[in-house]
Amino acid sequence: MSSFKQNVVVLTGASSGIGRALARQLAEQGAWLALAARSRDELDDAVHECLAAGRAVGARAIAVPTDVSDEAQCRALVERTVAEYGRIDTLVNNAGISMWARFDALRDLAGLERIMRVNYLGAVYCTFHALPHLKRTRGRIVGVASLTAKTGVPTRTGYAASKHAMAGFFDSLRIELQDDGVSVTMVYPGFVATGVRRHAVGPDGRPLGESPVQEDAVMSADECARLTLRAAARRKRELVMTARGKVGQWLRLVAPSLTDRIAARAIARGR
Ligand SMILES: NC(=O)c1ccc[n+]([C@@H]2O[C@H](COP(=O)([O-])OP(=O)(O)OC[C@H]3O[C@@H](n4cnc5c(N)ncnc54)[C@H](OP(=O)(O)O)[C@@H]3O)[C@@H](O)[C@H]2O)c1
């Protein structure tokens, strides 16, 4: 039997990219989904797609428009989910925005502050309000971080900081929850082909518009979602994706300056 059949999942950032792929794959397993993001239209599309993908296995889905940088909206997301399904089994903190700009090229710090509010505080708000429900079901928390949570990456100062913050928060929470039966799975993808770069904060604080990454040469959102759900199903503590990410973890301990050069080259090459 599928791990997520009739599993009540709150999924943030569900309207596009990795979140959209997660939603579809969860629906195919028969999950009961509360899909959150800011754009109502794209969430409605995602709901239709999930209902079609999971019809044969009893999937359910609702759209809950939410800006995760606003704590009250995160609380409302949790309340709406519980009102609809009666419980929460899984919270996937996936909503995020990126940046692509050197720190010394930034015009001001508004973009960095926004990244921290969405990527880090958004995950904290959702987790805070969902936790009492997750304790009742001995559920799962999933955090979608990034390889930039494991090492520094140029053009990503504020983004890497927000993902390091996520990692520190959830690694600590995992220990606190040991006796509550709630698992915390952190995933660390490398480049994944999504629209994240187009929306990323550029030097002037506005969306970059064009992706500097070779999107057709990097991991697909479907593959990233598949790996994420497998790790969450097994209640793994973390999953570092890509060969470069796995090797980089160990290399960093013995040759940190070489890891820095590899990170710089990845940004220069866009893959
Ligand atoms: N793509 C990569 O290379 C990559 C690599 C490592 C990690 N990640 C992480 O993967 C996660 C998903 O990113 P993606 O690549 O799938 O990018 P994406 O296609 O741009 O999706 C981002 C999602 O987050 C939502 N979102 C953004 N700001 C939000 C806010 N304030 N409140 C609620 N939802 C918000 C977006 O919807 P709305 O705009 O409608 O709100 C969208 O659904 C992010 O946490 C990202 O940091 C991505």
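Start the tour at arginine 87, which counts as partly exposed because its relative accessibility is 27% (buried means under 20% relative accessible area, exposed over 50%, partly exposed in between, with a 1.4 Å probe and protein chains only). Before you click further: this is a predicted model, where local features need pLDDT of at least 70, side-chain atom pairs count only at pLDDT 80 or more, and totals for chains, interfaces and linings use all residues. Residues are numbered from 1 along each chain as its sequence is written, and side-chain values use heavy atoms, with hydrogens and water left out.

**Stop 1: Arg87 and Gln6**

Arginine 87 sits in the loop between α3 and β4 (90-93); helices (H or I, at least four residues) and strands (E, at least two) are DSSP runs, numbered from the N terminus. Now show what arginine 87 touches, skipping neighbours within four places in sequence: Gln6, Val8, Trp32, Thr81, Val82 and Thr137 (contact means heavy atoms within 4.5 Å). Zoom in on the Gln6 side of that list, where a polar atom of the arginine 87 side chain is 2.5 Å from the backbone oxygen of glutamine 6. That pair is a polar contact, meaning N or O atoms within 3.5 Å; within protein, one must be able to donate a hydrogen and the other to accept it, and residues adjacent in sequence count only if both atoms are side-chain atoms.

Stay on glutamine 6, in the segment before β1. Its phi is near 55°, a positive value in a residue other than glycine. Glutamine 6 counts as partly exposed because its relative accessible area is 41%.

Arginine 235 has a positive phi of about 55° although it is not a glycine, and at 34% relative accessibility it is partly exposed.

**Stop 2: the annotated stretch**

Select residues 7-199. An unreviewed UniProt entry places the feature "domain: Ketoreductase" there; UniProt positions are given in the numbering used here, feature names are shortened, and annotations may be inferred rather than shown by experiment. Colour that range by secondary structure and you get 48% helix and 18% strand, with the end C-alpha atoms 31 Å apart.

**Stop 3: the ligand**

Which residues come nearest to the ligand? Of the 31 residues around the ligand, select Arg38, Ser39, Tyr159, Thr194 and Arg197 (near means that one of the residue's heavy atoms lies within 4 Å).

- Threonine 194: an N or O atom in its side chain is 2.6 Å from a ligand oxygen.
- Valine 192: a polar backbone atom is 2.8 Å from a ligand oxygen.
- Glycine 13: a backbone N or O atom is 3.1 Å from a ligand oxygen.

The ligand taken alone exposes 880 Å², and the protein buries 94% of that (accessible areas come from the Shrake-Rupley method with a 1.4 Å probe; for residues, only the protein chains shown count as cover). Helices to highlight around the ligand are α1 (17-28), α5 and α6 (196-199), each supplying at least two residues of the shell. The biggest contribution to that shell, 3 residues, is from α6.

**Stop 4**

Pick leucine 134 and, beyond four places in sequence, find Ile88, Asp89, Thr90, Leu91, Gly139, Arg140, Ile141 and Val182 touching it.

**Stop 5**

Threonine 228 is in helix α7 (residues 221-233). Threonine 228 counts as buried because its relative accessibility is 1%. Leaving out residues up to four places away in sequence, threonine 228 touches Leu22, Val142, Val187, Leu239 and Met241.

Finish on arginine 174 in helix α5. Is arginine 174 buried or exposed? Arginine 174 is buried, with a relative accessible area of 11%. With residues up to four places away in sequence left out, arginine 174 touches Val184, Met186 and Arg237.
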